[in-house]
Amino acid sequence: MEKIKISDINLLGEIAKQLKLPTTAIINGITQEQAELIEKLEIRESEIDLLKNFPNLKELTIIGLKKANNGLQDVTISDLSHLEELKILVTQGIKSITLQNLPQLHFMNISGNINLQEINGIENLEDIAQLTLRDNGLKKIFDIKKIAESTQAEMHLDLSMLHLLKERYTDFSQVEHNNTMAKCISWIDIIEGQHPLKLYYGEGIQIEQKAEQILNQIIDDSMTDVEKICAINTWMVENVTYDDGAIEERDKRD
């Protein structure tokens with residue numbers, strides 16, 4: 001039987017552990033029969049194409065994937081009929097993700113992928129129960145309304161995604177006052193680069209609307225980028241104060 005070549009030492013070590021073999025025993029590759037015994041993988045530098053050899057995966061983590069020689073990658077995760085948990089974290093090399101034929105996927109966390117511009121196929125995940133999207137570079141948003149109404153999945157979304165929500169739904173009132181979305185969605189904001197702040201759905205919308213109102217008052221299209229930045233900074237100096245009590249409470253919890 002032809003062997004599957006694996007060069008990533010981290011992946012090789014994990015496979016060896018699951019097969020209860022020394023790494024040296026599979027340094028030249030593993031058989032397809034052995035690959036089908038693997039239920040959990042963490043991929044760092046390996047080619048994504050290797051995934052087709054592991055059809056029985058239940059947990060998959062892709063972390064720290066860097067840019068390839070030919071630039072950013074379009075990654076497809078497909079035909080993993082047993083996959084229950086998917087994490088794609090802190091990558092620089094992924095431009096888009098497409099999800100196909102993942103009928104058992106319950107939990108998904110796609111966070112910290114600075115060059116990730118779009119995710120396709122989330123709307124078709126019929127069994128999704130929890131979805132976390134934070135700190136990605138998304139340029140457009142999928143049909144969140146459809147997911148909320150069809151699966152009622154628990155969603156933790158980056159607050160910066162709210163403007164994408166507004167762009168997708170021309171009639172924003174259909175999502176602004178959607179009770180199902182209010183029940184399913186919470187917004188996550190990052191304070192001081194490390195402290196996640198969880199907001200209820202309505203709170204996030206109020207923040208977005210207030211920010212838009214303020215910006216409309218203090219900047220206009222005739223201003224240069226530098227003038228806009230100065231106007232925003234001036235407004236913050238004149239209007240924003242620290243909630244010292246909240247900061248003290250947060251520090252106590254930490």
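The points below cover a sheet, a helix and a pocket. Please keep in mind that this is a predicted model.

**The open sheet**
- Three strands make up an open sheet, ordered E5-E7-E9, and their pairing is parallel.
- Strand E5 (73–78) and strand E9 (118–120) sit at the edges with a single partner strand each, so one side of each has no neighbour in the sheet.
- On average, neighbouring strands of this sheet are turned by 15° against each other, with direction ignored.
- Strand E7, which covers residues 94–100, pairs with E9 in the parallel sense over 3 bridges.

- Helix H1 spans residues 9–19, and its buried residues include Leu11, Leu12, Glu14, Ile15, Ala16 and Leu19.
- Among the elements covering the buried residues of H1 are strand E2 (30–31), helix H2 (32–35) and strand E3 (40–43).

**The largest pocket**
- The volume of the largest pocket is about 520 Å³.
- Its lining consists of 18 residues, and Ile207, Lys210, Ala211, Ile214 and Trp235 are the ones nearest the centre of the pocket.
- Two or more lining residues come from each of strand E12 (185–191), strand E13 (195–200), helix H7 (201–218) and helix H8 (225–239).
- H7 gives the largest share of this lining, with 8 residues.
- Sorted by class, the lining of the largest pocket holds 13 nonpolar, 2 polar and 3 charged residues.

Methods:
Residues are numbered from 1 along each chain as its sequence is written. This is a predicted model: local features need pLDDT of at least 70, side-chain atom pairs count only at pLDDT 80 or more; totals for chains, interfaces and linings use all residues. Side-chain values use heavy atoms; hydrogens and water are left out. Two strands pair if DSSP finds at least two bridges between them. Helices (H or I, at least four residues) and strands (E, at least two) are DSSP runs, numbered from the N terminus. Axes are lines fitted to C-alpha atoms, for helices over the stretch in contact, and angles run from 0 to 180 degrees between N-to-C directions. Buried means under 20% relative accessible area, exposed over 50%, partly exposed in between (1.4 Å probe, protein chains only). Contact means heavy atoms within 4.5 Å. On a 1 Å grid over the protein atoms alone, a cavity is a set of points where a 1.4 Å probe fits but cannot get out, and a pocket is an open set with protein on both sides within 12 Å along at least five of seven lines; lining residues have an atom within 4 Å of a point. Grid points are joined across faces, edges and corners, and a volume is the space filled by probe spheres set on the points. Ala, Val, Leu, Ile, Met, Phe, Trp, Tyr, Cys and Pro count as nonpolar, Asp, Glu, Lys and Arg as charged, and the others, Gly among them, as polar.
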